[in-house]
Amino acid sequence: MANKLVAVFLMCIVVATALNVHTAEAAIDEQFKACFNTCHSECKDGGLGTNFCEMRCDSDCSAKEVAAVRNLADIFCFPQMM
């Protein structure tokens, strides 16, 4: 009986963590879209070509997205001890 209780508890923790990470990733996707759209419109308004702007903004915003994901991983995998 105790083994089943521990198994259920661990499954609840896994599911709760997965839902929390999924929500955080969705927020990061929205940040990427906002970054890309802003960057692309500013780049095109500057008189640069569409392909150049797409590559530049994709690169810049992807780097920001990777930094955000690494920060997210640090929060979930290595929480700060207070």
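Which pattern do the disulfides of the chain follow, with bonded cysteines counted along the chain? It's 1-6, 2-5, 3-4. This is a predicted model, where local features need pLDDT of at least 70, side-chain atom pairs count only at pLDDT 80 or more, and totals for chains, interfaces and linings use all residues. Residues are numbered from 1 along each chain as its sequence is written, and side-chain values use heavy atoms, with hydrogens and water left out.

**Disulfides**

- Searching the whole structure turns up three disulfides (cysteine sulfur pairs within 2.5 Å).
- Cys35 bonds to Cys61 at 2.1 Å S to S, and with -80° about the S-S bond that link is left-handed.
- Cys35 sits in helix α1 and Cys61 in helix α2 (residues 50-77), so this pair ties together parts 26 residues apart in sequence; helices here are DSSP runs of H or I, at least four residues, numbered from the N terminus.
- Cys39 pairs with Cys57 at 2.2 Å S to S, again left-handed at -80°.
- Cys43 and Cys53 have their sulfur atoms 2.1 Å apart, and their link is left-handed too, at -80°.

**Burial**

- Cys35 counts as buried at 19% relative accessibility (buried means under 20% relative accessible area, 1.4 Å probe, protein chains only).
- Cys61 is buried as well, at 2%.
- Cys39 and Cys57 are both buried, and so are Cys43 and Cys53.

**Aromatics**

- The whole-structure search gives one aromatic pair (ring centres of Phe, Tyr or the six-membered ring of Trp within 6.5 Å; planes under 30 degrees apart are stacked, over 60 edge-to-face, the rest tilted).
- That pair is Phe32 and Phe36, stacked at 6.2 Å centre to centre with 25° between the planes.
- Phe32 and Phe36 are four residues apart in helix α1 (residues 2-45), so about one helical turn separates them.

Terms used. Helices (H or I, at least four residues) and strands (E, at least two) are DSSP runs, numbered from the N terminus. Buried means under 20% relative accessible area, exposed over 50%, partly exposed in between (1.4 Å probe, protein chains only).
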